[in-house]
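Here are some friendly notes to read beside the model. Please keep the structure open and find each place as you go.

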Amino acid sequence: MRPPSWGCSGGTRVPGTAMTAKRSANTEQGRDRRLEATTVNVKVRSIGLINSLLGQAERDLALPGGTMIDGLLGRLSELGGEKLAPYLAVPKELSAHAPLRVMVNGRDIAALQGRQTVLQDGDDVLIFIPIAGG
Amino acid sequence: MYRGGYTGKILRINLTDKTFKEEPLPLEVAQDFIGGSGFTVKYLYDEVPADCDPLGPENKLIYAPGPFTGTTIPCASRMAINAKSPATGAMGVATTGGHFPVEMKRAGYDVIIVEGKAEEPTYLWIKNGEVKFRAAKDLWGLTSTDTQQAIKDELHDQNVRVSCVGPAGEKLSKMACIVNERRVAGRKGLGAVMGSKNLKAIALRGNLQMEISDKEKYDAARKRMRDGMRNSPILYPEFSRYGTSTTLDLTQAMGIYPANNWTGTGDFAPADKIGGFAFEALSAGKTACSGCPVGCSQLRLAKEPPYTGWFTEGPEYETLYAFGGVTGVDNPDAIIAADRISDELGLDTISAGVTIAFAMELFERGILTLEDTGGMDLRFGNHVAMVKLLHMMGEREGLGNILADGTKAAAERIGKGSEKYAMHVKGLELPAYDVRGAKAHGLNYATAFTGADHNKGYAFQEIFGIPIPYAVDRLATEGKGKLCKWNQDARTALADSPTMCVFLMDMAVADFMFENTADLMEGTTGLTYTPEEVHQVGERVNNLARVFNTLAGLTRADDDLPERLKTEPIPSGPSKGQMISQADLDFMLDEYYEARGWTREGIPTRAKLEELRVGYAAAKLGL
């Protein structure tokens with residue numbers, strides 16, 4: 001439960017970087033093209049707790065074309081077993097769950113299409129749970 | 001009236017005429033400012049002329065723990081210290097944890113205000129309502145650990161708690177800090193203010209038990225917070241096990257770990273040597289602040305020559321940047337030694353490391369020569385030179401004397417265009433996040449009332465991806481003015497004023513953070529707040545501090561970032577190509593001032609000050 005008023009509202013202006021241009025391929029047209037592809041090859045990197053539960057800091061995965069981040073996390077849950085799965089699940093309340101962080105090519109999926117972000121061939125995916133500040 | 005939490009007393013000490021008196025803590029001050037940072041900003045604003053010399057007798061040193069400090073609420077063993085900063089000329093609030101803050105409450109005080117200047121080196125001994133002015137001539141020149149031990153021995157009481165300066169504070173270094181146990185009120189040069197008063201230390205002892213206003217509400221609020229801590233999957237065992245050190249692994253992965261005086265972000269990737277997980281190999285146990293069940297403080301022991309045997313509490317993430325990335329060093333033993341040496345000399349690790357990195361860049365560019373460095377090869381990555389220069393800064397020897405006041409002052413003395421490489425805002429060196437890749441975090445560096453201070457408005461949304469109050473794109477500029485205000489006010493209201501450990505906000509009570517403080521306040525003190533009113537306490541403090549800074553001569557032009565961040569993109573890595581151009585900064589500043597209800601020049605308006613019940617500050621601004 002959140003306090004009733006946060007005093008400000010959202011809204012972001014995304015600068016026109018190369019990464020944004022690449023992401024904009026996730027339009028219907030782009031997605032259709034991808035669905036036709038048989039596989040996409042992505043690099044998955046993890047650090048900290050996720051890394052120790054996965055047992056491997058870096059791995060290359062071949063996924064069916066059109067796979068979203070949600071699908072990738074499902075696949076990793078299978079690989080990492082029941083200890084890892086809860087960390088990759090969608091949190092029901094924030095305080096009781098680790099804030100899973102997923103970045104695609106250095107960009108937080110929160111700034112893309114969240115768990116519905118479609119993976120593209122050659123994507124670099126970083127998955128981790130931040131522990132603390134400095 | 002408040003009925004618990006507070007002792008209800010302010011202790012005012014005058015070093016010039018060796019007098020002291022107790023004053024009551026007014027209800028309206030408690031209600032409107034909560035404690036800690038809020039109290040110190042209020043009293044500094046009220047009592048210290050904004051245009052005074054920070055190292056003159058008019059400046060005051062103000063200590064304040066919070067209403068929960070000394071109760072059984074965990075993670076509240078912190079306090080704020082404030083004075084006009086010699087580094088920035090602005091308000092210089094710093095916070096520290098450990099045990100001293102709890103002892104100060106037990107000694108009977110919500111606030112201690114130290115005025116004037118002692119004729120001879122002095123330390124204060126506070127116990128049972130008495131203040132003794134004791135000679136500190138024999139303590140002058142001692143390191144922070146030796147000072148604390150010598151005072152305990154002299155008073156025949158090993159449980160005395162001491163807040164002191166090392167040699168750097170005595171020598172008025174503008175990056176000198178104040179040390180208690182192995183914790184530090186760092187940045188902003190508060191140690192120099194203490195040294196300027198000929199005050200070596202404050203020692204105190206007490207046995208007062210805090211009263212609780214409503215035991216039932218107190219227990220319920222405390223239980224909710226404890227449950228949040230217990231249920232957090234990262235507080236235990238991860239954060240407890242690694243502390244802040246793994247942030248290096250994170251920022252490196254995000255491409256925002258600054259290196260080589262901010263020229264090598266993304267190129268320098270030392271996590272496998274000095275990251276949090278790598279550092280575990282040098283573990284020598286852990287410790288905790290008073291009443292803290294988490295214990296994030298890691299103890300580390302250096303194992304390799306020439307640093308074998310150096311032992312420290314930390315290094316925290318910021319220090320892994322200051323004596324790591326920004327100086328181009330990837331030797332963990334050297335970082336352990338540099339961390340400890342800084343604390344012993346009483347130098348701030350961030351400012352010291354960034355200033356050494358500044359000198360390294362000047363050396364590589366030929367602006368400083370071997371003659372200037374006394375024959376030292378000061379290239380990036382030379383950890384032996386780094387440690388040697390640190391000693392020289394603490395003792396003000398040779399080049400160390402020029403660097404001891406930080407990058408801004410050093411650039412003014414060195415000239416030759418060196419200001420271009422001085423990484424500071426308002427005279428305070430940049431902390432450990434390359435904000436070209438985290439824009440709200442960068443706007444906070446530009447606007448925090450203490451200078452480039454990550455703790456004043458940490459954008460945990462950008463760094464950790466926590467979607468409160470909403471998810472953001474760390475690379476976007478729109479919306480960051482509002483977010484920066486939100487963060488600065490939240491941090492002041494939830495951490496710095498109640499003096500709660502900030503890590504709770506991110507990791508244990510994230511989705512009820514304002515309610516948590518409101519409920520704890522009602523149970524402990526009897527003072528009631530809505531969640532919005534808690535947030536507004538932070539806004540009030542930030543506005544009053546801004547008025548002080550405006551009166552001290554700071555303007556919109558000081559809400560700036562170093563030239564490099566505005567003109568040179570991050571060279572490589574996941575944040576490659578990012579920067580904050582002058583246009584980006586102006587855009588975010590306009591939005592920030594508008595969200596704050598200030599003029600386009602960044603000056604608080606009468607309407608805003610009256611809305612926050614500090615309308616009395618408008619007259620000083622001539623409004």
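A residue is buried if 20 or more other C-beta atoms lie within 10 Å of its own, exposed if 12 or fewer, and partly exposed in between, with C-beta atoms placed from the backbone. This is a predicted model, in which local features need pLDDT of at least 70 and side-chain atom pairs count only at pLDDT 80 or more, while totals for chains, interfaces and linings use all residues. Residues are numbered from 1 along each chain as its sequence is written, and chains are lettered from A and ligands numbered from 1 in the order in which they are written.

1. Lys416(B) is exposed because 12 other C-beta atoms lie within 10 Å, whereas Asn261(B) counts as buried because 26 C-beta neighbours are inside 10 Å. Each has a positive phi near 55 degrees without being glycine: Lys416(B) and Asn261(B). Most residues other than glycine have a negative phi. Look for Asn261(B) in the loop between helix 9 (247-254) and helix 10 (271-274) of chain B. Here helices (H or I, at least four residues) and strands (E, at least two) are DSSP runs, numbered from the N terminus.

2. Cis peptide bonds. Where is Pro237(B)? Pro237(B) sits in helix 8 (residues 235-242) of chain B, and the bond to it from Tyr236(B) is cis, with omega near -5 degrees. Another cis bond, with omega about -10 degrees, links Gly314(B) to Pro315(B). Pro315(B) belongs to the loop between strand 15 (311-313) and helix 12 (317-322) of chain B.

3. The domains of chain B. An automatic or database domain assignment supplies the bounds: domain 1 (9-205), domain 2 (235-423) and domain 3 (435-561 + 581-620) of chain B. Where domains 2 and 3 of chain B meet, 6 residues of domain 2 are in contact with 5 residues of domain 3; contact means that C-beta atoms, placed from the backbone, lie within 7 Å. The centres of these two domains of chain B, taken over C-alpha atoms, are 28 Å apart.

4. The core. A nonpolar core is a set of buried Ala, Val, Leu, Ile, Met, Phe, Trp, Tyr and Cys residues joined through C-beta atoms within 7 Å. The largest one has 243 residues, and Ile81(B) is among those with the most contacts inside it. Helix 14 (residues 349-364) of chain B gives the most to this core, with 10 residues. Leaving out residues up to four places away in sequence, the residues that Ile81(B) touches include Thr40(B), Ile62(B) and Leu190(B).

5. A covered helix. How many residues of helix 23 of chain B are buried? The count is 12 of its 13 residues, so this helix is mostly covered. Its cover includes helix 7 (215-231) and helix 24 (531-551) of chain B. Just after helix 23 of chain B comes Gly526(B), with a positive phi of about 90 degrees.

6. Thr122(B) has Ala135(B) in strand 8 of chain B as its bridge partner. The hairpin has 2 residues between its strands, and Asn128(B) takes a positive phi near 50 degrees there.

7. Chain A. Finish with the 134 residues of chain A, of which 37% are buried. Its secondary structure comes to 5 helices and 5 strands.

Conventions:
Contact = placed C-beta atoms within 7 Å. Pairing = 2+ DSSP bridges.
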